[in-house]
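The following note concerns the model shown below.

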Amino acid sequence: MVPEIGGIGLTKTKVNKSVAEINDRIRRGDAVVVTAEEMVEIVRERGEVAAAKEVDIVTTGTFGAMCSSGAWLNFGHADPPIKMQRVWLNDVEAYAGVAAVDAYIGATQLSETHGFEYGGGHVIEDLIRGKKIDVRAIAYGTDCYPRKELETTITKDDINQAVLCNPRNAYQRYVAATNSRDETIYTYMGTLLPNYGNVTYSGSGSLSPLHNDPNYETIGIGTRIFLGGAQGYIFWEGTQHAPTKTMGTIMTIGNLKEMDARYIRGVTIENYGTSLYVGLGIPIPIINERVAKTTGVSDDEIKTDLTDYGAPRRGRPILREVTYSELKSGKVEINGNEVLVSPLSSLKWAREISGVLKKWIEEKRFFLSQPVEGLSTDQVFKPMKQITAVPFVRNLMTREVVTAKPSDSIASAAKIFAKRNFDHLPIVDAKGRLVGIATSWDIAVAVGTGKKKLSEVLTSKVITATEDEPVDAVARKLEKHKISGVPVINARGELRGILTNQDLSKLLGGRGR
């Protein structure tokens with residue numbers, strides 16, 4: 001057995017090359033470098049052993065939204081000195097709970113004046129572009145740091161350090177997303193249309209850096225990488241690293257001052273928030289045929305889960321497994337229907353990054369580094385520990401609901417509202433399935449305009465909830481649609497109850513106690 005890499009024992013191989021030997025070949029100018037897409041064909045045609053003998057390095061690339069990103073900045077000391085308690089860059093707050101003039105600007109932090117239109121990711125891009133950044137800070141004042149307020153303008157050349165430091169980058173793969181609800185929803189996976197109207201996905205498939213070395217034989221702490229158009233490093237496993245589910249991640253770091261805004265872009269995700277698109281590539285040294293085989297993985301072999309983001313739960317339903325080949329084709333099948341697919345990451349940019357990294361190596365501008373320690377291959381990602389029970393719709397809803405039929409008269413509905421003193425009247429068919437809803441306002445208008453039947457005034461497109469839906473998610477629906485209650489239905493559309501603002505107020509009262 002060879003030594004353990006990342007916690008797993010690996011068998012002996014026929015081909016063995018070291019990183020030092022491959023670096024020597026780079027210096028001599030005779031290293032064979034190919035992109036991951038090119039390696040797929042080489043392995044397919046010649047096999048992994050021949051590929052390992054022929055190829056020295058495989059370059060990878062990805063370019064997509066990496067929300068868990070940000071930058072450490074050091075502004076230098078002011079005169080008189082200030083110990084920044086809170087600091088804003090272009091009105092985006094950065095974390096200042098460290099030393100006096102250090103701050104961390106997170107990619108998803110929103111502008112306090114522009115909201116979703118501008119955030120930490122945009123500040124980072126603007127810094128890289130050399131733009132002027134307005135800085136505002138406040139402090140409580142001390143004997144050695146007497147200043148309490150500061151306003152200034154800086155560029156990246158005015159500050160001491162600007163270090164891109166990303167806690168979680170380059171997911172090995174990520175789920176594909178769709179939406180079963182009757183309404184459009186806005187998520188970090190983009191805009192998802194109602195009733196499985198579209199599918200979105202992220203990742204570059206066969207070019208994905210971590211998919212090309214899933215055993216982390218060559219990727220680890222200290223690995224030199226392409227990061228934002230400059231050379232960076234992996235300095236730890238990423239947060240939410242889940243290698244047992246082929247969803248490994250990495251923490252990355254690099255000099256922001258050397259980066260290129262072509263590969264670092266601040267973005268707004270519609271009705272969700274801001275993020276940072278990061279260009280990242282890892283060179284994979286082909287040290288044996290086992291690594292050659294994994295770098296030859298094709299889009300047909302890389303699978304992910306098509307997940308229903310319409311369910312507001314941690315464990316979202318998985319509809320089916322899909323390959324990256326299917327996703328890249330632009331269409332997938334859901335329940336017998338062909339659904340359009342769109343990528344959130346850029347395959348064009350991923351290819352460019354793998355090509356640029358290949359060129360750097362061929363021009364002897366980039367050398368490989370031997371990891372000082374491997375990444376875990378058996379770590380399990382744990383969910384958040386929660387010490388209080390989460391309330392669900394079934395815990396709060398009113399189960400005994402007065403209903404009506406579409407053929408019932410407006411007059412009879414008016415009597416129900418007058419007697420019961422509520423605002424929502426679910427309309428059901430003969431089998432108890434919800435077909436609409438009428439409110440006290442609908443009935444008041446109907447009486448005034450001479451309408452006779454509920455079928456003339458009911459709202460057929462109804463915002464609903466299910467019994468196992470978290471109350472917080474329903475509260476969000478009420479706020480979003482400016483309504484005061486939702487019928488609760490089962491999978492067959494049968495009415496099970498109703499949840500109103502009045503029911504939610506009972507929960508808030510309980511929390512207050």
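1. Is Glu37 buried, partly exposed or exposed? Glu37 is partly exposed, at a relative accessible area of 26%; buried denotes under 20% relative accessible area, exposed over 50%, and partly exposed the range in between, computed with a 1.4 Å probe on protein chains only.

2. The model is predicted, and local features need pLDDT of at least 70, side-chain atom pairs count only at pLDDT 80 or more, and totals for chains, interfaces and linings use all residues. Residues are numbered from 1 along each chain as its sequence is written, and side-chain values use heavy atoms, with hydrogens and water left out.

3. The chain is divided into three parts: domain 1 (19-66 + 165-374), domain 2 (76-159) and domain 3 (393-509). These bounds come from an automatic or database domain assignment. Taken over C-alpha atoms, the centres of domain 1 and domain 2 lie 32 Å apart. Their contact (heavy atoms within 4.5 Å) draws 18 residues from domain 1 and 19 residues from domain 2.

4. Between domain 1 and domain 2 an area of about 1,400 Å² is buried, with carbon and sulfur atoms giving 63% of it. Buried area here is the accessible area (1.4 Å probe) that two parts lose on being put together, summed over both. On the side of domain 1, Leu256, Lys257 and Thr274 lose the most area to domain 2, together 39% of what that side buries.

5. The count of salt bridges between domain 1 and domain 2 is 0, where a salt bridge is a side-chain nitrogen of Lys or Arg within 4 Å of a carboxyl oxygen of Asp or Glu. The interface does hold 6 residue pairs in polar contact, both residues at pLDDT 80 or more. A polar contact is a pair of N or O atoms within 3.5 Å; within protein, one must be able to donate a hydrogen and the other to accept it, and residues adjacent in sequence count only if both atoms are side-chain atoms.

6. Which elements give two or more residues to the side of domain 1 that touches domain 2? They are β12 (161-169), β21 (264-269) and β22 (273-281), and β21 supplies the largest share, 5 residues. Helices (H or I, at least four residues) and strands (E, at least two) are DSSP runs, numbered from the N terminus.

7. The structure as a whole holds 27 salt bridges. In one of them, Glu37 pairs with Arg351, the closest N and O atoms being 3.0 Å apart. This pair links distant parts of the chain, 314 residues apart: Glu37 belongs to helix α2 (residues 36-54) and Arg351 to helix α6 (residues 347-362). Arg351 is partly exposed, at 43% relative accessible area.

8. Arg86 forms a salt bridge with Glu93 at 2.8 Å between the closest N and O atoms, and Arg86 is partly exposed at 36%. Asp429 and Arg433 meet in another salt bridge, at 3.1 Å from N to O; Arg433 is partly exposed at 35% relative accessibility.

9. A cis peptide bond, with omega about -5°, joins Asp79 and Pro80; Pro80 lies in the loop between β4 (70-74) and β5 (86-89). Asn335, a residue other than glycine, has a positive phi near 50°. Asn335 sits in the loop between β26 (331-334) and β27 (337-343) and is exposed, at 67% relative accessibility.
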